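Biologist: I've got the sequence and the model open, and I'd like to know what the labels on it really rest on. Can you take me through them?

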Amino acid sequence: MNFDKVIDTSGLNCPLPILKAKKALNDLTSGQLLKVIATDPGAWRDFEAFARQTGHELVLQEKTETSFVFGLKRR
């Protein structure tokens, strides 16, 4: 998957990963993809709720050994 923008929020706790993702999505146009790397375990449910509430599509959600990776498609 090719992302138009990647942000690394490793080490940041809720709500900072969501706030940084929201800011980054504002810089993108409709249909572009944002990749977010996070280490906060709460980010898993936070990004699910964020996508539901904002209408952005959660196209990637995976757990690696050291982090959580999310892909959001801007609405």
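Modeller: Let's start at Ser 67, which is in contact with Ile 37, Ala 38, Thr 39 and Glu 62 once neighbours within four places in sequence are left aside. Contact here means heavy atoms within 4.5 Å. This is a predicted model: local features need pLDDT of at least 70, side-chain atom pairs count only at pLDDT 80 or more, and totals for chains, interfaces and linings use all residues. Residues are numbered from 1 along each chain as its sequence is written, and side-chain values use heavy atoms, with hydrogens and water left out.

Biologist: Why does Ser 67 count as buried?

Modeller: Buried means under 20% relative accessible area, exposed means over 50%, and partly exposed is in between (1.4 Å probe, protein chains only). Ser 67 comes out at 10%, so it counts as buried, and its place is the loop between E3 and E4.

Biologist: What makes Lys 23 exposed, and what makes Glu 57 partly exposed?

Modeller: Lys 23 has 60% relative accessibility, so it counts as exposed. You'll find Lys 23 in helix H1. Glu 57 has 44%, so it is put down as partly exposed. Glu 57 is in strand E3 and touches Gly 71, Leu 72 and Lys 73, not counting residues up to four places away in sequence.

Biologist: How do you know which stretches are helices and which are strands?

Modeller: They're DSSP runs, numbered from the N terminus: helices are H or I with at least four residues, and strands are E with at least two. Helix H2, for one, covers residues 43-54, which is 12 residues.

Biologist: What makes the span of H2 close to the expected one?

Modeller: The expected span is 1.5 Å times one less than the number of residues. H2 reaches 16 Å from its first C-alpha to its last, against 16 Å expected. Its buried residues are Ala 43, Asp 46, Phe 47, Ala 49, Phe 50 and Ala 51, and the elements covering them include H1, E2, E3 and E4. Just after H2, Gly 55 has a positive phi of about 90°.

Biologist: How do you know which strands pair?

Modeller: Two strands pair if DSSP finds at least two bridges between them. E1 (residues 5-8) and E2 run parallel and are joined by four bridges, so they pass by that definition. E2 and E4 (residues 68-73) pair antiparallel over six bridges, with Lys 35 opposite Gly 71 in E4. E3 and E4 are also antiparallel, with six bridges, and Gln 61 has Phe 70 as its bridge partner in E4. Those two strands form a hairpin with four residues between them.

Biologist: Why are E1 and E3 said to stand at the edges?

Modeller: The four strands form an open sheet in the order E1-E2-E4-E3, with mixed pairing. E1 and E3 each have a single partner strand, so one side of each has no neighbour in the sheet.

Biologist: What makes a set of residues a nonpolar core?

Modeller: The members must be buried Ala, Val, Leu, Ile, Met, Phe, Trp, Tyr or Cys residues, joined through side-chain atoms within 4.5 Å. The largest such core has 16 residues, and Ala 21, Leu 34, Val 36, Phe 47, Phe 70 and Leu 72 touch the most other members. H1, E2, H2 and E4 are the elements giving two or more residues to this core. Phe 70's contacts beyond four places in sequence include Leu 34, Val 36, Phe 47 and Leu 60.

Biologist: Which peptide bond is cis?

Modeller: The one from Cys 14 to Pro 15, with omega near 5°. Pro 15 sits in the loop between E1 and H1. For context, most peptide bonds are trans.
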